[in-house]
Amino acid sequence: MNRPSNAKISPKPPSGFLFIKAGLPLVLFSIGASLVVKNAVEGQNREREASKGLVSKSERQARMEREHDDMVHKINKQIVPKEFDNTKRIERPEEILERRKHEREQRNKWYRRAWSMLTGQH
């Protein structure tokens, strides 16, 4: 097949230039995509194992012990040791009212004395 003499033949680009322009981005994209997919699958497997309870006993045991220690520390921090007498009788509401009335009278006794002395109503 003869080519016409007036057609221009474009020179072939060097093969190194073609690799940099087309091949290198393809290779980088392929490697990056494989890393992303690998990490995603590993994370999904870890989540599946955790939800099914297939996490190794040592990790789970260590986590449970840490949580237990934290809870015991919180509980012990809240408990204030005090003497509690369980043999005391519970006061009835009318006894409470009577006791409060008596306390009020004792507290106000000197007021009445002072008022009676000032007004001369003794």
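**Helices, patches and salt bridges**

Modeller: L28 sits in helix α1. Keep in mind that this is a predicted model.

Colleague: Why is L28 called exposed?

Modeller: Its relative accessibility is 54%. The label exposed needs over 50%. L28 is therefore exposed.

Colleague: What makes L28 part of a surface patch?

Modeller: L28 belongs to a nonpolar patch with F19, I20, L24, V27, I31 and L35. A patch residue needs over 30% relative accessible area. L28 has 54%, so it passes that cut-off. Leu is also on the list of nonpolar side chains. The patch covers about 650 Å².

Colleague: What else lies in helix α1?

Modeller: A50 is one of its residues. The helix spans residues 15-52.

Colleague: Why does A50 count as partly exposed?

Modeller: A50 has 44% relative accessibility. Buried would need under 20%, and exposed over 50%. The value falls in between, so A50 is partly exposed.

Colleague: How far is A50 from R60?

Modeller: Their C-alpha atoms are 9.6 Å apart. Along the chain, A50 and R60 are separated by 10 residues.

Colleague: Which elements make up the whole protein?

Modeller: There are 3 helices and 0 strands. From the N terminus, the order is α-α-α.

Colleague: How much of the protein counts as buried?

Modeller: It has 122 residues, and 3% of them count as buried.

Colleague: Now the charges. What makes the patch of E65, E67, D69 and D70 negative?

Modeller: Its members are Glu and Asp residues. Asp and Glu count as negative, so the patch is negative. D69, one of them, lies in helix α2, which runs over residues 57-78.

Colleague: And what makes the patch of R100, K101, R104 and R107 positive?

Modeller: Those residues are Arg and Lys. Lys and Arg count as positive, so the patch is positive. R100 is in helix α3, residues 93-119.

Colleague: Why is R100 called partly exposed?

Modeller: R100 stands at 46% relative accessibility. That is between the limits of 20% and 50%, so the label is partly exposed.

Colleague: How many salt bridges does the structure hold?

Modeller: There are 3.

Colleague: How do you know that R89 and E95 form one?

Modeller: The N to O distance between their side chains is 2.9 Å. The cut-off is within 4 Å, so the pair qualifies.

Colleague: What makes E91 and R99 a salt bridge?

Modeller: Here the N to O distance is 3.2 Å. The limit is 4 Å, so this pair also counts.

Colleague: How do you know that R99 bridges to E103?

Modeller: The closest N and O atoms of R99 and E103 are 3.4 Å apart. That is within 4 Å, so the contact is a salt bridge. Both residues lie in helix α3, 4 residues apart, about one turn of the helix.

Colleague: What links E91, R99 and E103?

Modeller: A network of salt bridges links them. R99 pairs with E91 and with E103.

Colleague: Why is R99 called partly exposed?

Modeller: R99 has a relative accessible area of 34%.

Technical notes. Residues are numbered from 1 along each chain as its sequence is written. This is a predicted model: local features need pLDDT of at least 70, side-chain atom pairs count only at pLDDT 80 or more; totals for chains, interfaces and linings use all residues. Side-chain values use heavy atoms; hydrogens and water are left out. Patches are made of residues with over 30% relative accessible area and no salt bridge: like charges are joined within 9 Å, nonpolar side chains (Val, Leu, Ile, Met, Phe, Trp, Tyr) within 5 Å. Accessible areas come from the Shrake-Rupley method with a 1.4 Å probe; for residues, only the protein chains shown count as cover. The place of a charge is taken as NZ of Lys, CZ of Arg, CG of Asp or CD of Glu. Helices (H or I, at least four residues) and strands (E, at least two) are DSSP runs, numbered from the N terminus. Buried means under 20% relative accessible area, exposed over 50%, partly exposed in between (1.4 Å probe, protein chains only).
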